[in-house]
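Let's take a walk through this complex together. Please have the sequence and the 3D view open side by side.

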Amino acid sequence: MVDEELYHIIHEAKGGNQEAFTKLVNRYKGTVYRFAVGMLTHHMDAEDVAQEAFVKAFYSLSSLENEYAFSSWMIRIVSNLCKDRLKKRAKDQGFGDEPNESIVDPNLADPLEKMSLEESLGSLSVDHREVILLHDVQGYRYEEIADMVDVPIGTVKSRLFAARMALRKELARGDRG
Amino acid sequence: MSCHVEDQLSAYMDDELNEEERQQVETHLESCDSCQVLLEELFTIQSSVIHTFSQLQAPADFEIRVQQAIADREETPVFGKGWLFVPLMAFIALGLLWIATGAVFVKLVHGFLKLMIAMVYTASHLISGVPVLSGITVVLSLIIISTSVYSLRRLLQTSTS
């Protein structure tokens, strides 16, 4: 989908056109869903939160000032919902006791490798998980992440380094175990 | 060996260093095996993350579910939350009652006050007009005050004893 066409659809959806909004859901569902899976490491929760994020977006789309920022605006919505869900989960089950339902995709060549990565990512802090997902999965630059997460760019740099080192440590532990 | 550049490696692989920092890292990497190994590991982990998440697909009926969720919400009555409905209705009912009867109520209170003032005025006028009545009033007042003081003292003595 070329940019101009996309911005036209965003503009239409902003004006209350439900058909245009459905096109946007189709275009961004993967992005939002992947982010939710990475944050929550739980299939069903991720589907719920991704759906909730789009419903929320539908009702607050009129407050989006810049159509060009739709993607980051959408990620911000789902990120906040994921953090709320994680807080609720921690409250319900006791701190640090999140369920870690493994995500096994039958299409993947090596499901064991995937399971290990999911588990390792899920054991990182929320901030570390978020920064890895924003950079490596969503493809945002440091400056954009700093703006989205509302921290200085230097913090993004150090946080991403710390997150990668923590993930490396977790993966090494998984290999040994 | 100069000090390691581990904390710069992450930004180096993301191409987020300035020219000077980038050259510094590259110079160090040429002569440091451990930093080279770490960089390779970080690249591998990044590729693994990208690969893993690129395989994930949202459910096929996702759009329909979002549409359904929006439709469900649209159908929910405005007062569906319940807790706000009752006090709001009570407030509206009281408001309507006030609008309907407010003017009559105010007139009633106003009329009653005027009547009381007129009665007090007439009584004082009547008393001052007849000298005997004034004397009787003063005596009666003194008796009432004395009786009240006496009763009050007895009451206080009874409650403290």
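**A guided tour of the complex**

A:Ile153 has 14 C-beta neighbours inside 10 Å, so A:Ile153 counts as partly exposed. That count falls between the limits, since a buried residue needs 20 or more and an exposed one has 12 or fewer. You will find A:Ile153 in helix α8 of chain A, which covers residues 153–176. Leaving aside residues up to four places away in sequence, A:Ile153 touches A:Tyr142, A:Glu143 and A:Ala146.

The predictor gives the complex an ipTM of 0.82, together with a pTM of 0.68. For chain B, the mean pLDDT is 85, and 91% of the residues of chain B reach 70 or more. Where pLDDT is low, the predicted coordinates should not be read in detail.

Now step back to chain A as a whole. Its secondary structure comes to eight helices and zero strands, and reading along the sequence gives the pattern α-α-α-α-α-α-α-α. Chain A has 177 residues, of which 37% count as buried. Consider next the contacts in chain A with a separation of 6 or more: residues 24 or more positions apart account for 62% of them.

One helix pair of chain A deserves a visit. Helix α3 (residues 43–60) of chain A packs with helix α4 (residues 70–93) of chain A at an angle of about 130°, and their axes are 9 Å apart. With that angle, α3(A) and α4(A) are therefore oblique to each other. The crossing of α3(A) and α4(A) is right-handed. On the α3(A) side, the contact is made by A:Asp45, A:Val49, A:Ala50, A:Glu52, A:Ala53, A:Lys56 and A:Ala57, and α4(A) brings A:Met74, A:Ile77, A:Val78, A:Leu81, A:Cys82 and A:Arg85. By class, the residues of this contact of α3(A) with α4(A) comprise nine nonpolar and four charged, with no polar ones.

Two loop residues come next, one in each chain. Most residues other than glycine have a negative phi. A:Thr41, in contrast, has a positive phi, near 45°. The loop between α2 (18–40) and α3 of chain A is where A:Thr41 sits. Is A:Thr41 buried or exposed? A:Thr41 has 24 other C-beta atoms within 10 Å, so A:Thr41 is buried.

In chain B, B:Asp15 also has a positive phi, near 55°. B:Asp15 is placed in the loop between α1 and α2 (19–31) of chain B.

Finally, let's look at where the two chains meet. In this interface, 27 residues of chain B are in contact with 32 residues of chain A. Which elements of chain B give two or more residues to the side that touches chain A? They are α1 (6–13), α3 (33–54) and α4 (62–75) of chain B. With nine residues, α3(B) gives the most to this side of chain B. Sorted by class, the side of chain B that touches chain A has 13 nonpolar residues, seven polar and seven charged.

Conventions: Residues numbered from 1 in each chain as written. Chains lettered and ligands numbered in written order. Predicted model: local features only at pLDDT ≥ 70, side-chain atom pairs only at ≥ 80, totals over all residues. Axes fitted to C-alpha atoms, helices over the stretch in contact; angles between N-to-C directions. Helix = DSSP H or I, 4+ residues; strand = E, 2+ residues; numbered from the N terminus. Parallel < 35°, antiparallel > 145°, perpendicular 65-115°, else oblique. Left-handed = near helix turned anticlockwise from the far one by under 90°. Contact = placed C-beta atoms within 7 Å. Nonpolar A, V, L, I, M, F, W, Y, C, P; charged D, E, K, R; others polar. pLDDT = per-residue confidence, 0-100.
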